[in-house]
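Please look over the sequence and the structure before reading on. The paragraphs below go through the model part by part.

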Amino acid sequence: MGHRMKRYSAFAVAREAARFHTGWERAWKSPEPRKTYDVIIVGAGGHGLATAYYLGRNFGITNVAILEKGWLGGGNTGRNTTIIRSNYLQDPSAAIYEKARSLYEDLSQDLNYNVMFSPRGVMMLAQTEHEVRGYLRTAHANALQGVETRFIQPDEVKKLVPIINIDGPRYPVLGALWQPRGGTARHDAVAWGYARACSDMGMDVIQKCEVTGVRQEGGKVTGVETSRGAIGCNKLGIVVAGHSGVLAEMAGFRLPIESVALQALVSEPVKPCMDVVVMANTVHGYMSQSDKGEMVIGGGADGFNNYTQRGSFHHIEETVRALIETFPMISRLKMLRQWGGIVDMTGDRSPILSKTPLENCFINCGWGTGGFKSIPGSGWGFAELMARGHSSLCEDFSMFRFREGKFIDESVAAGVAH
Amino acid sequence: MLILECPCCGVLADETELAPGGEAHLKRFGPGASDDEFEGYLFMRENPRGVHFERWRHVNGCGKWFHAARDTSTLEVFGTYPAQTTEPPRDIRDRISARRPGWTWREFA
């Protein structure tokens with residue numbers, strides 16, 4: 001295991017400043033893969049790293065490798081709009097997303113790594129009568145679930161977000177579902193913080209190591225083939241988001257998942273003008289302002305299967321066009337960057353955290369367009385499922401729920417901007 | 001921008017003119033089917049990284065459904081063909097084989 005990493009602190013900054021910053025260590029090691037591990041996690045994104053972290057922290061399982069074909073957090077973890085909220089309608093969703101949101105609150109202290117969690121509040125605009133009724137229902141459901149949200153009136157919306165145009169001709173703002181304890185975090189830092197903590201516990205985070213096959217014997221998983229040789233394991237966790245179908249095929253089962261491209265974009269930086277996250281689900285757009293001043297805008301997903309990490313231009317056009325009515329001041333903003341990520345969509349728009357037909361092989365996928373907010377909760381529950389074979393947070397998210405018709409239907413509740 | 005030729009009206013349509021309709025050539029199951037068959041038909045999808053057959057509708061055009069063969073990892077289009085078939089026609093499969101040697105038409109459950 002070697003020596004533990006030095007903690008980050010105000011004192012460490014002063015100490016390193018005094019010696020011209022020559023003493024900082026690498027945040028995580030890059031070890032060669034060993035022959036075998038107790039647990040292999042495929043995918044070093046937020047969910048995979050969080051799973052490994054809680055396996056070590058909560059269950060003392062540290063003989064773990066996290067394999068990543070690209071680089072740490074280079075997939076959807078680094079491609080989202082960093083929104084954190086838990087205002088879901090269904091009880092199982094509210095439980096896991098609220099667990100995640102509450103873990104985010106002290107994640108920086110827990111990991112000794114600043115993830116810049118900013119509980120600035122998340123507002124979901126109601127711009128049609130149907131949405132008003134839908135969000136009133138969600139607010140009541142959240143009250144029963146112990147998730148703090150409330151429905152606010154247009155004047156309060158305007159007070160919280162002065163740049164909003166509440167009486168647009170086509171989509172006036174009729175109210176909003178307000179979650180004051182939602183917010184944003186620095187997405188890369190979440191992956192980096194978990195990776196550093198995993199590495200510190202003696203786990204091997206192995207980048208540029210692509211899994212090319214799953215080894216099995218008598219219906220049980222025994223290891224994986226990778227671009228850096230075969231590696232054995234007792235338990236395998238597949239946490240690869242958009243590429244879940246590819247890994248499932250290697251493991252010999254199918255998933256109720258389709259992969260599509262979801263896009264986001266940021267504007268040029270401007271002075272602070274909006275200090276909450278606003279989601280406008282009727283018009284398929286959501287927006288927040290980053291610490292750098294950029295307006296971060298997320299849009300809708302393409303409707304066809306796609307693995308290219310780039311989406312269709314007309315979706316950006318639709319998103320921006322719709323947002324301009326609600327935020328007239330952004331009409332002159334230049335857009336700086338645009339990117340896409342491959343999201344794994346299930347039929348009911350709820351995730352899968354599940355055992356699989358292959359024994360000792362577990363899968364965590366299907367987070368679709370809402371993965372970032374759930375990283376700590378997903379890792380917490382999935383680690384418990386992998387360690388104990390059962391987790392109350394995960395039990396409703398089995399991949400076999402479709403067969404039984406036990407959907408956790410958030411597709412109607414959350415609409416597109418999930 | 002994705003451009004597909006509608007085999008019904010012959011128009012080269014870009015994707016704003018089209019509506020995606022999901023995986024093509026699903027074997028349909030109804031009353032009397034087993035739970036496995038019904039689950040497979042309703043929910044399980046091939047979702048390949050590579051050659052994919054899918055349904056499209058020329059919604060802002062002639063309104064007809066058709067099929068397309070496409071690569072989901074490169075966005076290359078191998079061709080489109082009418083919807084009145086249960087498997088891709090020979091010429092489309094040949095074109096895919098020329099571009100993706102070793103590719104095989106998969107067996108459906």
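The structure is a predicted model. The pLDDT of chain A averages 93, and 97% of the residues score at least 70. Residues 413–418 of chain A have a pLDDT below 50. Beyond near neighbours in sequence, that stretch has 19 contacts in the model.

Chain A is divided into two parts: domain 1, made of 29–86 + 88–113 + 186–256 + 348–414, and domain 2, made of 122–181 + 258–346. Their C-alpha centres lie 27 Å apart. Where they touch, domain 1 of chain A contributes 28 residues and domain 2 of chain A contributes 25. On the domain 1 side, α3 (91–105) and α8 (244–251) of chain A each supply at least two residues. The largest share of that side, four residues, comes from α3(A).

An unreviewed UniProt entry places the annotation "domain: Rhodanese" on residues 39–83 of chain A. In the model, this stretch is 31% helix and 20% strand, with its end C-alpha atoms 30 Å apart.

Helix α9 of chain A runs over residues 313–326. From first C-alpha to last, this 14-residue helix reaches 21 Å, close to the 20 Å expected. Which residues of α9(A) are buried? They are His315(A), Thr319(A), Val320(A), Ala322(A), Leu323(A) and Thr326(A). These residues are on the same side of α9(A) because they cover an arc of only 165 degrees around the axis. In an α-helix there are 3.6 residues a turn, so residues three or four places apart point the same way. The cover over the buried residues of α9(A) includes strands β12 (257–269), β13 (277–280), β14 (285–289) and β15 (294–305) of chain A.

Terms used
Residues are numbered from 1 along each chain as its sequence is written. Chains are lettered from A and ligands numbered from 1 in the order in which they are written. This is a predicted model: local features need pLDDT of at least 70, side-chain atom pairs count only at pLDDT 80 or more; totals for chains, interfaces and linings use all residues. The expected span of a helix is 1.5 Å times one less than its number of residues. A residue is buried if 20 or more other C-beta atoms lie within 10 Å of its own, exposed if 12 or fewer, and partly exposed in between; C-beta atoms are placed from the backbone. The arc is that of the directions from the helix axis to the C-beta atoms. Two residues are in contact if their C-beta atoms, placed from the backbone, lie within 7 Å. pLDDT is the predictor's confidence in each residue, from 0 to 100. UniProt positions are given in the numbering used here, feature names are shortened, and annotations may be inferred rather than shown by experiment. Domain bounds come from an automatic or database domain assignment.
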